[in-house]
Amino acid sequence: MSASPPPAKGKRKSVTGTRKGLAVAFLLPALILLGALVVYPIGFSVYRSFFDQSGDNFAGFDNYVEIFTEDTIRTAIKNNLIWVVVAPTVATALGLIFAVLTERVRWGTAFKLIVFMPMAISMLASGIIFRLVYEQAPERGIANAVAVGVHDTFSESAGYPKARPLPVHPLKAGDAKGSFVTKAPVSAGTPVLLPLVGVPPGKMPSDAVPAKAATSGGDEITGTAWLDFTKGGGGKPNVVDPKELGLGGLKIEAVKDGKVVASASAASDGTFTLPASADGAVLQLPETNFREPYNGVDWLGPSLVTPAIIGSYLWMWAGFAMVLIGAGLASMPRELLEAARVDGANEWNVFRRITVPLLAPVLAVVMVTLMINVLKIFDLVLIIAPGSSQDDANVLALQLYRSSFGTDANVGVGSAIAVFLLLLVIPVMLFNIRRMQKENRR
């Protein structure tokens, strides 16, 4: 049998049978785009970071020194550290919990759809949504509407903030801050007048009714607490006019020798009655009647703005983590779980000693992906954080934008921040590449 002839000399082929020249021709457009859109911008950013604001004078490492000495940029670095530690960890934990629990309920698919749905919303739209959610006014912001509802359930809110007497009224400031007392002791048989002003008619309770002049109550102390203001004018001070409203719910206390001996609350028409023990006492309107109502939490204030924005990020990305971890759970060998249960392990031990270790590669993928993602976070911070607290919520990507654009832009500092961000991302990317290589060797 004759031996096969040696291969003809000429253009070499790769192991796939493709000529190297042809492969380069196909790759060249992608390489050109990669160079134009990735390599050149990175190189120019590194070059530009060594020049001053004008770009004409060499500045050395001055721009990099400014990154670590300027207070606003240092705040951005601190916030980025918080983001990198908190957001991926919490999002991965939530995704793991959701993925495990949804396997045990019949409506798990519907739940996964609901949790994953925010991923279809852009960062811009999500920022606008949560800017409204965190509105300070409870009538507009749902977060504060819930906070005020819970607070008012356990702590009664004041009825008439900013209400006060006029100098011509029979009331004066009390010893306790914010309270008012009658100028003279009260006596049975003489109705007491407790007029106040300072409450806009539109802020009065919806069940407020026209005030009614109290009648003599024998041995008891009677009186009327009302808003001494006639809409449109024409009323008289210290007189219950027909169009004036009663201060229903106003708390009145009778004080003798510094002690409260009786108390009552005004009816809707402002009338009230105190027992005979209040005869000769001074009537006091405690400051609880006039405290500012609880207006919720300052979610976008300096202290809470970063956690609040992280909350909006979790709303979007917990579904991403859940879907990836759910895919890992679906491929997990069920016989290991069943064997552990047969051996007497409870569900917590099965989860901690079997489920989590087997899911470790998937959890690492989710964590690394989210870490890279949060290092570039920009949209949510720009949109949600108001101007008054944007410096407190600042992150490196936002500072990069603020330093590079605007009337007082310093492209040198902006380029230095971009290079610094690249240096932060590279170790995470290398870790992810090494992990993928180890997975491929198995």
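Which residues have the most contacts inside the largest nonpolar core?

## Basis of the model

This is a predicted model, in which local features need pLDDT of at least 70 and side-chain atom pairs count only at pLDDT 80 or more, while totals for chains, interfaces and linings use all residues. Residues are numbered from 1 along each chain as its sequence is written, and side-chain values use heavy atoms, with hydrogens and water left out.

## Nonpolar cores

Trp 83, Tyr 134, Ile 309 and Tyr 313 have the most contacts inside the largest nonpolar core, which has 51 residues. A nonpolar core is a set of buried Ala, Val, Leu, Ile, Met, Phe, Trp, Tyr and Cys residues joined through side-chain atoms within 4.5 Å; buried means under 20% relative accessible area, exposed over 50%, and partly exposed in between (1.4 Å probe, protein chains only). The elements giving two or more residues to this core include helix 3 (71-102), helix 7 (305-330) and helix 13 (411-441). Helix 7 gives the most, with 13 residues. Helices (H or I, at least four residues) and strands (E, at least two) are DSSP runs, numbered from the N terminus.

Not counting residues up to four places away in sequence, Trp 83 touches Ile 309, Ile 310 and Tyr 313, among others; contact means heavy atoms within 4.5 Å. Another core, of 27 residues, lies apart from the largest one and includes Leu 194, Met 204, Ala 281 and Leu 285.

## Annotated transmembrane regions

An unreviewed UniProt entry lists residues 21-42, 81-101, 113-134, 313-333, 354-375 and 411-433 under "transmembrane region". UniProt positions are given in the numbering used here, feature names are shortened, and annotations may be inferred rather than shown by experiment.

In the model, residues 411-433 are 100% helix and 0% strand, with end C-alpha atoms 32 Å apart. Residues 113-134 are 68% helix and 0% strand, and their end C-alpha atoms lie 25 Å apart.

Five strands form an open sheet in the order 1-2-8-5-6, with antiparallel pairing. Strand 1 and strand 6 (259-265) are at the edges, each with a single partner strand, so one side of each has no neighbour in the sheet. Two strands pair if DSSP finds at least two bridges between them. Strand 2 (residues 180-182) and strand 8 (residues 282-285) pair in the antiparallel sense over two bridges, and Phe 180 stands opposite Leu 285 in strand 8.

## Positive phi in two loops

Most residues other than glycine have a negative phi. Lys 162 has a positive phi of about 70° and is found in the loop between helix 6 (142-154) and strand 1 (171-173). Lys 162 is exposed, with a relative accessible area of 59%.

Asn 238 has a positive phi near 65°. This residue is found in the loop between strand 4 (221-227) and strand 5 (251-256). Asn 238 is partly exposed, at 24% relative accessible area.
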